[in-house]
Amino acid sequence: MLSHVDDGFSSLVAKLTTEGRIPCDGYKHSCLRRRVNVRLRATGAESFLRYADLLDQTPDEWAQLRDALTVNVTSFFRDRVVYETLRDRVFSQFARSGRPVHAWSAGCASGEEAWTLAMLLADSCGLEGTHLLATDIDRRCLDRARAATYQSALVQDVPAQLRDAFLVGDEPVTVRADLRARVRIERHDMLAESPPAEELDLISCRNVIIYFVRDAQELLFERFANALRIGGVLVLGKVEMLSGPARARFKAVNARERIYERVA
Ligand SMILES: C[S@@+](CC[C@H](N)C(=O)[O-])C[C@H]1O[C@@H](n2cnc3c(N)ncnc32)[C@H](O)[C@@H]1O
């Protein structure tokens with residue numbers, strides 16, 4: 001079956017890559033197409049070619065497009081068992097080592113994943129031992145992550161003990177200042193840039209690479225391995241699989257929960 005006649009999408013992608021410096025090559029085109037279509041509908045542009053014209057005529061549309069390209073769904077304690085396994089199998093070992101923990105939440109969206117990790121790490125290893133870098137490509141999301149303030153309905157999956165220790169207020173709820181001080185939040189494009197740190201103890205990159213083409217995924221796994229210390233741990237999303245040559249550099253801590261330890 002012919003998948004798509006040339007409807008102008010390829011030339012739009014070329015424009016986004018060269019003029020917008022959007023790393024389109026890394027994203028699955030089916031996913032890009034769906035996201036760009038959201039902007040076509042919103043602007044009333046009748047075709048990809050018309051939309052390309054619109055980008056030329058309305059520079060503000062670039063920002064709207066960038067926001068539309070990312071899927072930002074997230075939550076506190078998303079897939080609770082992953083976090084229970086991390087706490088029991090990984091963070092307990094970090095705590096026993098007595099060394100400070102350096103972690104990276106890559107693709108942290110509006111911060112829920114980063115604050116979940118920060119609370120658990122601080123609970124296991126102490127505030128002073130917790131250093132978390134949280135990054136995303138989407139600046140609007142990062143503003144929300146930095147504000148660290150959420151409607152109470154969004155924190156209902158946070159265990160009461162962690163909530164009492166690290167969150168303040170009832171409606172909305174805010175992450176305590178001493179925990180916020182342990183977390184650095186920065187913009188970072190993982191397709192275009194090298195990891196922002198090395199000798200890391202933990203990288204959590206969950207529900208992000210699913211949007212990337214296989215080559216980009218495999219390159220990232222190699223980069224993640226290089227950025228972790230030997231014995232450092234990588235966590236992926238529940239439906240994401242380690243693939244490519246970097247697989248040989250990891251062993252599963254818990255394959256079902258997609259938790260892997262760097263061994264080489
Ligand atoms: C579906 S959310 C996942 C959020 C969180 N990790 C979780 O599992 O709940 C995907 C996030 O990846 C970010 N993202 C997409 N492409 C990226 C890139 N090239 N570099 C960094 N972040 C990216 C998006 O902006 C979005 O916030």
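How many disulfides does a search of the whole structure find? The search finds zero disulfides, a disulfide being a pair of cysteine sulfur atoms within 2.5 Å.

The model is predicted, so that local features need pLDDT of at least 70 and side-chain atom pairs count only at pLDDT 80 or more, whereas totals for chains, interfaces and linings use all residues. Residues are numbered from 1 along each chain as its sequence is written, and side-chain values use heavy atoms, with hydrogens and water left out.

**View A. Cys 24 and Cys 31, neither of them in a disulfide.** The nearest cysteine sulfur to that of Cys 24 belongs to Cys 31, 11 Å away. For Cys 31, in turn, the nearest cysteine sulfur is that of Cys 24. Cys 24 is buried at 0% relative accessibility, and Cys 31 is likewise buried, with a relative accessible area of 6%. Buried means under 20% relative accessible area, exposed over 50%, and partly exposed in between (1.4 Å probe, protein chains only).

**View B. Strand S1 and its parallel partners.** Strand S1 spans residues 101-106. Helices (H or I, at least four residues) and strands (E, at least two) are DSSP runs, numbered from the N terminus. Five of the six residues of S1 are buried, so this strand is largely enclosed by the rest of the structure. S1 pairs in the parallel sense with strand S2 (residues 130-136) over six bridges, and Val 101 stands opposite Thr 130 in S2. Two strands pair if DSSP finds at least two bridges between them. From S1 the chain crosses through helix H6 (residues 112-125) to S2, in a right-handed β-α-β crossover. A crossover is right-handed if, with the strands pointing away from the viewer, the path from the first strand over the helix to the second runs clockwise. S1 also pairs with S7 in the parallel sense, over three bridges; Trp 104 has Ile 203 as its bridge partner in S7.

**View C. Trp 115 in helix H6.** Trp 115 is buried, with a relative accessible area of 1%. Not counting residues up to four places away in sequence, Trp 115 touches Phe 76, Ala 145, Ala 148, Tyr 150, Val 175, Leu 179, Arg 180, Val 183 and Ile 185, where contact means heavy atoms within 4.5 Å. With Tyr 150, the side chain of Trp 115 also forms a side-chain polar contact of 3.4 Å. A polar contact is a pair of N or O atoms within 3.5 Å; within protein, one must be able to donate a hydrogen and the other to accept it, and residues adjacent in sequence count only if both atoms are side-chain atoms. The C-alpha atoms of Trp 115 and Leu 236 are separated by 17 Å, these residues being 121 residues apart along the chain.

**View D. Helix H7 (residues 139-147) and its buried residues.** Cys 141, Leu 142 and Ala 145 are the buried residues of H7. They cover an arc of only 100 degrees around the axis, which puts them on the same side of H7; the arc is that of the directions from the helix axis to the C-beta atoms. The buried residues of H7 pack against H6, S2, strand S3 (149-150) and S6. At the start of H7, a side-chain oxygen of Asp 138 reaches to within 3.0 Å of the backbone nitrogen of Arg 140.

**View E. Thr 70 and its contact with Asp 138.** Thr 70 belongs to the loop between helix H4 (60-69) and helix H5 (80-97) and is buried at 14% relative accessibility. Its side chain makes a polar contact of 3.0 Å with the side chain of Asp 138. Leaving aside neighbours within four places in sequence, Thr 70 is in contact with Arg 35, Ile 137 and Asp 138.

**View F. Backbone geometry at Arg 21, Glu 199 and Pro 172.** Most residues other than glycine have a negative phi, and most peptide bonds are trans. Arg 21, in the loop between helix H1 (9-18) and helix H2 (29-43), has a positive phi of about 50 degrees and is exposed at 69% relative accessibility. Glu 199 has a positive phi of about 55 degrees; this residue lies in the loop between strand S6 (183-187) and strand S7 (200-205) and is exposed at 56% relative accessibility. Glu 171 and Pro 172 are joined by a cis peptide bond, with omega about 0 degrees. Pro 172 is in the loop between strand S4 (167-168) and strand S5 (173-175).
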